[in-house]
Amino acid sequence: MSSVTELRPRTPAETRLLQLAEAQGENENVRRPAIEALRREGLPTRRVEAWHYTDLRQLMGKRLGEESAIEALRESGETVLEPFLHGSSIVDLGTSEGSHLPKGVSVAKSDERSDWKVTPNRLDRSIDTIRALNSAFGANSSAITVEAGAAPDHAIELRPGVGLSGHAHTRVSLGAKAKATFVERLDGNAQGAPSTGVTELHLGEGSEVLWIVDQEKGLDAVHLGQLHVRLEADSLFRLFVLNAGGGLVRYEVHTDVVGEGADIQMRGVNLIRDGQHIDVTTTLNHTVPNTTATETFRNVVTGGHGVFQGIIKVARGAQKTDAKLACNSLLLSDEGDFSAKPELEIFADDVVCGHGATAGEIDADHLFYLMSRGIPADKARALLIKAFVTEVVEELEDEALQYVLEARIDDWLSANG
Amino acid sequence: MLEIKNLHARVAEEGTEILRGVDLTVKDGEIAAIMGPNGSGKSTLSYILAGREDYEVTEGDILYNGESILEMDPAERAASGIFLAFQYPLEIPGVATMTFLKTALNAQRKARGEDELTTPEFMRRVKSSAADLQINPDMLKRPLNVGFSGGEKKRAEILQMALLEPKLCVMDETDSGLDIDALKIVADGVNALRSAERSFLVITHYQRLLDYIVPDTVHVLYKGRIIKTGDKDLALKLENEGYSQIIDEAA
Ligand SMILES: Nc1ncnc2c1ncn2[C@@H]1O[C@H](COP(=O)(O)OP(=O)(O)OP(=O)(O)O)[C@@H](O)[C@H]1O
Ligand SMILES: [Mg+2]
């Protein structure tokens, strides 16, 4: 655990982050150790494997605002936002307050903090970068509970605070056989300040969660998020990540499957244009027998940089694990690129695991077929790009949700396709 | 309708010459059958008519209603009335069949300066054509051609043809993969489309299709050239004797 502290000059990004962290008012005693750890360790260099493709020191430097902007950040107000899914209850993670919460669901302020000495991403350093930043920024902590057996009929939308308080630490616990949908809404944030979110999601036996991440921040926004999921027996975790905005974004999903019969279905679409750096990093960690997981990310790149790192880990004894992951990228311009790093780490012998990453352009034969029916080139291309991402949206098998996601994807494609 | 003049074409990427001086004229309302051994260039000719970019025309011209189409892209050719029923129709995951049909139909109408079809009118046309071709409407809820059997794909091509109402229908081995009943259904569908203003280029290996869709002319394509032209009896002769005599005569 101990690290040889490198003596190197602080980068502008590091200096700026420390200033911003110091400017926070609350939770001094929690923030202090994290700030000191960051002061000591700095941001990860590219030699830290977990951050090899996302060089925070360099990428953040360009995107954090001037010191004079702190006051403006402190004052930046609420934005009015329609819920992502019609009729959702809204939980403000800046204040731990919920409105119109369904029966069986409660929200409270919590003293629990994200423990940055725990590194769910085994490739990170002795401190977990996102958690350390989350603590250093004094994230407000909330505890959300869904009682055993509760099955609210509408979604619960989680909204982080804005400006300097765009940092949330959230524990979400589902009792046995509970069933709920959550939308993590990552939308426009004040320019110049990073936002961070750390969520601990605990699925009790036989419970089910659909977790939607809607990340549509402004093109100058910096967001670092982490979702750490623990699955008890027979639970089902479904995830859909939409990245359709943000300047520098890293979203980590780390799952620990600790109960037999648990199932994970992760899907995501990353839409990336020039000036963006979008990183999705995931871990499927199977530690008991008879669990299943599928994971598919589809990326459309018209510019900028995309990163996907996904590992399937199967512990000794976790027999009959069936886990597959795929990351497919459609590269629409020479200006953009996508780095995909799928990995397997398997210590059991009776498992079915697979991974694959592909990157390519629009299929010329498909384009010809559509055009031969009179569909003009640009429209045919748009249809094929849409088809490429729609395939994963359709796997949600939820018409209302599919409709909302497709509308957002259409907006992006018509603006950037 | 169609005049192909001394057409030479090669694979754009590696330069292999495939068509070596094709001359062929198809009149308005004519049904022309093209036969010929495997690899003689029949599909290549059909792709070049539809405007596929993999092939490069190095000499000659294709006139459609008196005008060269070589500079037109596939969508423009389609809008002007050229339709290719593929030998191997493609599966396109993620593109809903109905969306595709509607987009294609309305894009063509728009290119011709016609109004777009209303959804009910579009649905009515699809349902009626599907019924004629005995296509189960549930199939059309799937992504384009995905999971269709070989014969279902061929029928779906003819459904598209019926909906788009082209002027020049190029059918590349539409009969292959069809069972005996389906062949009859598809042939009926084609015959229903026959008119004085619509021409067909029917590529096939077998007389059986030509029993149902009786051609006005039969052409033999061999090594990138039309080596023999005749009437429907030529197809019968080929059925009995094979290609060797005609190839010898041509040589
Ligand atoms: N893109 C290509 N690259 C290389 N060779 C090609 C290409 N397209 C066609 N060819 C070659 O050109 C020749 C003619 O092919 P084509 O598919 O047109 O034949 P065909 O007459 O349709 O045969 P079949 O009766 O088997 O369908 C073949 O030798 C084929 O291998
Ligand atoms: Mg062929």
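Visitor: Which polar backbone atom is 2.9 Å from an oxygen atom of ligand 1?

Guide: That atom belongs to Gly39(B), whose polar backbone atom is 2.9 Å from an oxygen atom of ligand 1; please keep in mind that this is a predicted model. A polar backbone atom of Gly41(B) is likewise found 3.0 Å from an oxygen atom of ligand 1.

Visitor: And what does a nitrogen atom of ligand 1 have at 2.7 Å?

Guide: At that distance there is an N or O atom in the side chain of Tyr55(B).

Visitor: How many residues surround ligand 1, and which are the closest?

Guide: The ligand is surrounded by 14 residues, and the closest of them are Lys42(B), Ser43(B), Thr44(B), Tyr55(B) and His205(B).

Visitor: Which residues coordinate the magnesium ion?

Guide: The magnesium ion, ligand 2, is coordinated by OG of Ser43(B) and OE1 of Gln87(B), at 2.0 to 2.2 Å. Ser43(B) belongs to helix α1 (residues 42-50) of chain B, while Gln87(B) sits in the loop between β6 (82-85) and β7 (92-96) of chain B, so the pair ties together parts that are 44 residues apart in sequence.

Visitor: Are those two buried or exposed?

Guide: Ser43(B) is buried, with a relative accessible area of 18%, and Gln87(B) is buried as well, with a value of 13%; the cut-off for buried is under 20%.

Visitor: Switching to packing: which residues have the most contacts inside the largest nonpolar core?

Guide: They are Leu271(A), Leu370(A), Leu2(B), Ile4(B), Met161(B), Phe200(B) and Leu201(B), in a core that has 118 residues. Helix α7 (residues 377-394) of chain A supplies the largest share of this core, namely nine residues, and at least three residues come from each of domain 1 (12-361) and domain 2 (364-417) of chain A.

Visitor: What is Leu271(A) in contact with?

Guide: Setting aside neighbours within four places in sequence, Leu271(A) is in contact with Leu242(A), Asn243(A), Ala244(A), Gln276(A), Val300(A), Val389(A), Ile409(A) and Trp412(A). There is also a second, separate core of 50 residues, which includes Leu158(A), Leu239(A), Ile264(A) and Ala293(A).

Visitor: Why is helix α6 of chain A largely enclosed?

Guide: Helix α6 (residues 364-371) of chain A has six of its eight residues buried, so it is largely enclosed by the rest of the structure. The buried residues in α6(A) are His366(A), Leu367(A), Phe368(A), Tyr369(A), Leu370(A) and Met371(A). At the start of α6(A), the backbone nitrogen of Asp365(A) has a side-chain oxygen of Asp363(A) within 2.8 Å.

Visitor: Where does Ser207(A) lie?

Guide: Ser207(A) lies in the loop between β8 (194-203) and β9 (208-215) of chain A, and Ser207(A) is buried, with a relative accessible area of 0%. A polar atom of the Ser207(A) side chain lies 2.7 Å from the backbone oxygen of Gly204(A). Beyond its neighbours within four places in sequence, Ser207(A) is in contact with Leu174(A), Gly175(A), Lys177(A), Ala178(A), Asp234(A), Ser235(A) and Leu236(A).

Visitor: What about Val258(A), and which residues does Val258(A) touch?

Guide: Val258(A) is in the loop between β12 (248-257) and β13 (263-272) of chain A, and at 27% relative accessibility Val258(A) counts as partly exposed. Not counting residues up to four places away in sequence, Val258(A) touches Arg230(A), Leu231(A), Glu232(A), Thr287(A) and Val288(A).

Visitor: Last topic, backbone angles: what is phi for His100(A)?

Guide: His100(A) has a positive phi of about 50 degrees although it is not a glycine. His100(A) is in the loop between β2 (97-99) and β3 (105-109) of chain A and counts as exposed at 72% relative accessibility.

Visitor: And what is phi of Lys223(B) near?

Guide: Phi of Lys223(B) is near 45 degrees, a positive value in a residue other than glycine. Lys223(B) is found in the loop between β11 (217-222) and β12 (225-230) of chain B, where Lys223(B) counts as exposed at 53% relative accessibility.

Conventions:
Residues are numbered from 1 along each chain as its sequence is written. Chains are lettered from A and ligands numbered from 1 in the order in which they are written. This is a predicted model: local features need pLDDT of at least 70, side-chain atom pairs count only at pLDDT 80 or more; totals for chains, interfaces and linings use all residues. Side-chain values use heavy atoms; hydrogens and water are left out. Donors are N, O and S atoms within 2.8 Å of the metal (3.2 Å for Na, K and Ca); water is not among the atoms, so sites may look incomplete. Helices (H or I, at least four residues) and strands (E, at least two) are DSSP runs, numbered from the N terminus. Buried means under 20% relative accessible area, exposed over 50%, partly exposed in between (1.4 Å probe, protein chains only). A nonpolar core is a set of buried Ala, Val, Leu, Ile, Met, Phe, Trp, Tyr and Cys residues joined through side-chain atoms within 4.5 Å. Domain bounds come from an automatic or database domain assignment. Contact means heavy atoms within 4.5 Å. A residue is near a molecule or strand if one of its heavy atoms lies within 4 Å of it. A polar contact is a pair of N or O atoms within 3.5 Å; within protein, one must be able to donate a hydrogen and the other to accept it, and residues adjacent in sequence count only if both atoms are side-chain atoms.
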